[in-house]
Amino acid sequence: MALTTIGTAARQGTTAFTRQRRDFAGGLFKAVILLSLIVSLAVLAVLIVDTVADGWAQLSTRAWDFLNGSLRSRSIDDKLGVKQGLYGSLWIGIIVAVTAFPVGVGAAVYLEEYAPKSRWSAIIELVIRNLAGVPSVVYGLLGLFLFVERSTIFGFLGLGWLADATGGRSVLSAGLTLAVLVLPIVIITAQEAVRAVPTGLKEGAYGLGATKSEMVRTQILPYAAPGILTGTLLAMSRAIGEAAPLILVGAISGGLTRNPAVWDTSGLREKFTALPIIIVEWVSERGRDPGFATAAAAAIVVLLVLVLLMNMTAILLRNRFEKKRG
Amino acid sequence: MNEVGPAELSIEALSGSPRRVRRERIISRAMFCAASASVVVSALIIYALFAEAWIFMRDVDWSATWGQLGWFPRRGIYDMPTLLVASLWTTAIAMVVAAPLGMGAAIYLSEYAKPSHRALFKPILEILAGIPSVVLGFFALLWLAPNVVAHIGGEGGRGSMLAAGIGVGILTIPLVASISEDAMAAVPKSLREASAGLGARRAVTTVRVVLPAAVSGLVASLIVAVSRALGETMVVFMAGGAADAAIKTYSPYEGSLTMPAAMASLASGTDQVVGEGLTFQSLFFVGLVLFMLTLGLNLIGDRFVARVREQY
């Protein structure tokens, strides 16, 4: 008796279950969020297409001259170009890599493998997370204070020699400032890579009699290398694109007479400029000479090629290793 | 029973060669120093900010920092409300752009996208995250101003807080998207399955189950984005519509200077920070205010992110 009742109810129910009601609200919701993703990506597309279109007049006719030219006061000058900026940006990238990379990896290995669970380690972790969120202009102030100005207060701390060593407003100061800026990024990504090393590998090394540093050198660093490299590449591309700290450290946009060859290290302690600074300068010059808008767009294309190549290499590298190790 | 094994096993033999021990100690010290470097950097930042800002706060005529016509640092007029109002406007506009777009993209990627779509879209968003801010500044001034701002009541030919705000918003979309997506990815699958088992459709599951469960992460993404927008310099510097000085204005259609843009404009152009006696120090005073604001926001954001981790 009871069973038949349930049976009937179920039979009536099936129609309710199988009937397809169109889910308007759900469809609308999906459409809205898909739209927001598409708008975000469309902005990227418009940005790239518009910039390339703006800079085409320079790039299509004199790309090589543009890469080899220098800062000029008129936009139709045959020798107008971004070489001085490339010099500054490339050296900033190199200085960042050789300083932030070892310190960052050392810090990451220390925090993951060596650090005792002490208050000091917790403080270091907290500080690193918060340093990553400090605005870049503030790092510029630090660079100005530390590497450029010979302020009396700082001489008191015994660090006045830093400004002498860097030559004040120089590529060296800028590179070191940006190395400090990207240090937290390098540490955080390297930490993630080190954390992902399987415990079995570490224990295997210990079992064979390795000391801690031997274990780090033979197991952790090789296994974590792709992750660490990804982080360093991202950090370098961030440093190359950064402009605000350079303005504060004193990158100059006009009156730069020297145009050193890329491997000429004597330019490191002299007045300098960098690609992002050139872009800012030319954008502001366009009121006086509209041709500079085209030049600025062309310089942006050069900068974007550098930065995006680095980013894409980093992302592809990471995805490939993630897939391999599943 | 015979004893097996080396009889002359001593403590010296067990502790390994002294050279190896010494090397271990040196390496571990070096790594400790590397880790402590970041603490030293923060200490230096705070010291630098306070040392110079203190001179400003001690010597400045405080009536020059409030209720003036605008921000004219080279003439000794440091009206903070001018910068604060501009910072508020650009940040608010940026959030109006970044919050819906970033979160919408995150919801799509985390709840709807097929794995193959995800693998395609995610790297593109990451590329957007890597675009330098000068590029966005150029874009805001030369594309957004004439093509967007001009259609919503502004002037297309010059920069304004509205153009700069939209530019900053575009810059923060990937940040909002990635933190929100992480938060949603941390919601256990069992919650979604339980909801689906009760007959909820995907949209209902997303809105009623996943989003409430991930709410601390979503709030964190907004807080971190606000802090990033407050500190963004180049977009406002280039597209904000004001150069060295700014007249106080409450309209987003006008040009003005935010805190970081004011710092950049003070330092740019000339070889030296020139002006009235305290101009150099005002740079550090504004920097200190900005640092405190962003630090506070980041600490709060951190708390929210930690809460997501604790829950699941």
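1. In chain A, 73% of the contacts with a separation of 6 or more are between residues 24 or more positions apart; a contact means heavy atoms within 4.5 Å. Chain A holds 13 helices and 0 strands, where helices (H or I, at least four residues) and strands (E, at least two) are DSSP runs numbered from the N terminus. Of its 326 residues, 51% count as buried. Here buried means under 20% relative accessible area, exposed over 50%, and partly exposed in between, with a 1.4 Å probe and protein chains only.

2. The model is predicted: local features need pLDDT of at least 70, side-chain atom pairs count only at pLDDT 80 or more, and totals for chains, interfaces and linings use all residues. Residues are numbered from 1 along each chain as its sequence is written, chains are lettered from A and ligands numbered from 1 in the order in which they are written, and side-chain values use heavy atoms, with hydrogens and water left out.

3. Chain B has 12 helices and 3 strands. It comprises 312 residues, of which 53% count as buried. For contacts in chain B with a separation of 6 or more, residues 24 or more positions apart account for 75%.

4. As to confidence, pLDDT is the predictor's confidence in each residue, from 0 to 100. Chain B has a mean pLDDT of 88, and 92% of its residues reach 70 or more. Which elements of chain B have the lowest and the highest mean pLDDT? The lowest, 69, belongs to helix 1 (residues 11-14) of chain B, and the highest, 95, to helix 3 of chain B.

5. The contact between the chains takes 85 residues from chain A and 80 residues from chain B. The size of an interface is often given as the accessible area lost when the parts come together. Between chain B and chain A the buried area is about 7200 Å², and carbon and sulfur atoms give 77% of it; buried area is the accessible area (1.4 Å probe) that two parts lose on being put together, summed over both.

6. Between chain B and chain A there are 10 residue pairs in polar contact, both residues being at pLDDT 80 or more. A polar contact is a pair of N or O atoms within 3.5 Å; within protein, one must be able to donate a hydrogen and the other to accept it, and residues adjacent in sequence count only if both atoms are side-chain atoms. On the side of chain B that touches chain A, helix 2 (residues 18-59) of chain B gives the most, with 23 residues. By class, that side has 56 nonpolar, 16 polar and 8 charged residues. Ala, Val, Leu, Ile, Met, Phe, Trp, Tyr, Cys and Pro count as nonpolar, Asp, Glu, Lys and Arg as charged, and the others, Gly among them, as polar.

7. Salt bridges also join the chains, with a count of 4 between chain B and chain A; a salt bridge is a side-chain nitrogen of Lys or Arg within 4 Å of a carboxyl oxygen of Asp or Glu. One links A:R129 with B:D302, whose closest N and O atoms are 2.8 Å apart. A network of salt bridges links A:E214, B:R20 and B:R23.

8. Over all chains, the whole structure has 14 salt bridges. Among them is the pair A:E112 and A:R195, at 3.3 Å from N to O. A:E112 lies in helix 3 (residues 83-114) of chain A and A:R195 in helix 8 (residues 171-195) of chain A, so the pair ties together parts 83 residues apart in sequence. A:E112 is partly exposed, at 23%, whereas A:R195 is exposed, at 52%.

9. Within chain B, B:E181 forms a salt bridge with B:R118, the closest N and O atoms being 2.1 Å apart. Because B:E181 lies in helix 6 (residues 161-185) of chain B and B:R118 in helix 4 (residues 115-129) of chain B, this pair ties together parts 63 residues apart in sequence. B:E181 is buried, with 5% relative accessibility, while B:R118 is partly exposed, with 31%.

10. Is B:T91 buried or exposed? With 8% relative accessibility, B:T91 counts as buried. B:T91 lies in helix 3 (residues 80-112) of chain B, and, leaving aside neighbours within four places in sequence, it is in contact with B:V226, B:A229 and B:L230.
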